[in-house]
Amino acid sequence: MASTISDPNTGADDGLTSSDRSSRIEVHGIDHIPERERHGRARELFAVWAAANVNYLSLVVGGALILMGLSLWQALAVIVVGNLFWVPVGLLAVSGPASGTPSEVIMRAMFGVRGNRVNIAVTGWVICICYIALNLAAAALAAFSLVEKAGITPNTGVKTVVVVGIATLTLAISVYGHATIMKLYLPITVVLTAAFAVVAFSVLGHADFGYEPAEPLTGGSLWAALAGGVTLIASGPLSYTNSADFSRYLPRATSPKAIVGWTALGGFLPSVVVTALGAFAATAVDMTDPQTALETILPAWFTPVFLLALVLGTIAINAMTAYSSGLALQAVGVRIRRSLSVIVDGVVGVALTLYALLVSNFLDTVSNVLQLTVVLLGPSMAIYATDILLRRNRYDGPGLTDETSDSPFWFTAGVNWSGALALTAGTAAAALCVNTVYAGPLARALDGVDLALPVGIAVASAVYAVMMRRSRSAPGTEMRA
């Protein structure tokens, strides 16, 4: 049983040109991509992930590490370690070509057809919507500043027009879908790299390469800051448990090593560089207000360009988020075309953003909630990666799209209890160790050291592996003995 409604295709049935072409709305949603329609090379993934990670948020996070009390070189070490979580993002991407389906469908192998609807509703759709609102708000704030520099007062009407305009550009990319993203993100990467090169020149010219805080952290306080910093950095790649969404059109025979490498490098390299620039900047200016602070050390002529780059970078990352949120809405069980599901999610995101910017402090609340997502997303990514290794990346794509009780991934009443219990155990263990919005009992016992990330990942992976290995066979493929 197909689990999606295809978008209308007005072109001739000419293989890949009719289903994945940048000049047309993408036909496929969460359905299986036939081998005859697969195309592209693994190296194309680099630009997709790079464009999404040359962004303002990375600058802000880099500055936050210095504000947490770390020295420059401690912050740089944290940045490298935290960004190593792009490697499992690359690992998850290999399941796309293997199955011909997006991550939102592949996870039925871990949670069952019905169980995955609950999993995706939380780890996929809700979190995507929150990130859409946060990213759209960040882009809007930069655009408001740009409008003000143009001599226009950013009143409520102007702000509404700006938010809707940015959202329209973002959703246009998401609606046209995969081929459009693959085509646009290379030039976007080039433009953003050029803009941030100017930022780097200005920042490094003012940076204090020997920066040490006035009162260096020691003992438990230092370990707490280091662990918290790694968790903060890792929360970025951990939010991309959907990396197969952008690799599923690759031919099944594409080298898994190449998929892992280009995906991980596309996220790791720009994230390390841009986040490090934020840390360098924090040694020279007060990054509590990053946009204003950076403008004091950037050339005056470059400020409008910088603001435009911030908007463009946010559009790039949000277009990917909106694209995946549309797939998530389908995977939850809503019978709607992918293009329409993207628009629905975009409208919800715009409404939340306008409410946040014009009415309340909703974004502050959402931001605090997202700090806790590592408690859930760490175990979720661990289960996904463990499943790929256990199955040796062998997935029955057509079987994954079957939502009936005859599906090979129906398990017990539609739920794979191995995945459900592993996610519950991993999340509970992480919650005991977290120290963000609240401090778990183990974090308090360890003087505030946040071990939620490694503990949640280890527990979820171990529980899932043990429970799945006890099964005589895994649905859809053989398990390694």
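Me: How does helix 4 pass helix 13, in a left-handed or a right-handed crossing?

Reply: Helix 4 passes helix 13 in a right-handed crossing. A crossing is left-handed if the near helix is turned anticlockwise from the far one by less than a right angle, and right-handed if clockwise. Helices (H or I, at least four residues) are DSSP runs, numbered from the N terminus. This is a predicted model: local features need pLDDT of at least 70, side-chain atom pairs count only at pLDDT 80 or more, and totals for chains, interfaces and linings use all residues. Residues are numbered from 1 along each chain as its sequence is written, and side-chain values use heavy atoms, with hydrogens and water left out.

Me: What describes two packed helices?

Reply: The angle between their axes and the distance between the axes. Axes are lines fitted to C-alpha atoms, for helices over the stretch in contact, and angles run from 0 to 180 degrees between N-to-C directions. Helix 4 (residues 72-83) and helix 13 (residues 256-282) pack at about 160°, with axes 10 Å apart. Helix 4 and helix 13 are therefore roughly antiparallel. The cut-offs: under 35 degrees is roughly parallel, over 145 roughly antiparallel, 65 to 115 roughly perpendicular, and the rest oblique.

Me: Which residues make the contact of helix 4 with helix 13?

Reply: Contact means heavy atoms within 4.5 Å. Helix 4 brings residues including Leu72, Ile79 and Asn83, and among those of helix 13 are Phe268, Thr275 and Phe280. By class, this contact has ten nonpolar, three polar and no charged residues. Ala, Val, Leu, Ile, Met, Phe, Trp, Tyr, Cys and Pro count as nonpolar, Asp, Glu, Lys and Arg as charged, and the others, Gly among them, as polar.

Me: At what angle do helix 18 and helix 20 pack?

Reply: Helix 18 (residues 373-390) and helix 20 (residues 417-433) pack at about 140°, with axes 8 Å apart. Helix 18 and helix 20 are therefore oblique to each other. Pro379 of helix 18 and Gly426 of helix 20 are among the contact residues. The classes are eight nonpolar, four polar and no charged.

Me: How many disulfides does the structure hold?

Reply: A disulfide is a covalent bond between the sulfur atoms of two cysteines. The test is a pair of cysteine sulfur atoms within 2.5 Å. The structure holds zero. For Cys130, the nearest cysteine sulfur, that of Cys128, is 9.5 Å away.

Me: Is Val311 buried or exposed?

Reply: Buried means under 20% relative accessible area, exposed over 50%, partly exposed in between (1.4 Å probe, protein chains only). Val311 has 11%, so Val311 is buried. Val311 sits in helix 15 (residues 303-332).

How values were computed: Helices (H or I, at least four residues) and strands (E, at least two) are DSSP runs, numbered from the N terminus.
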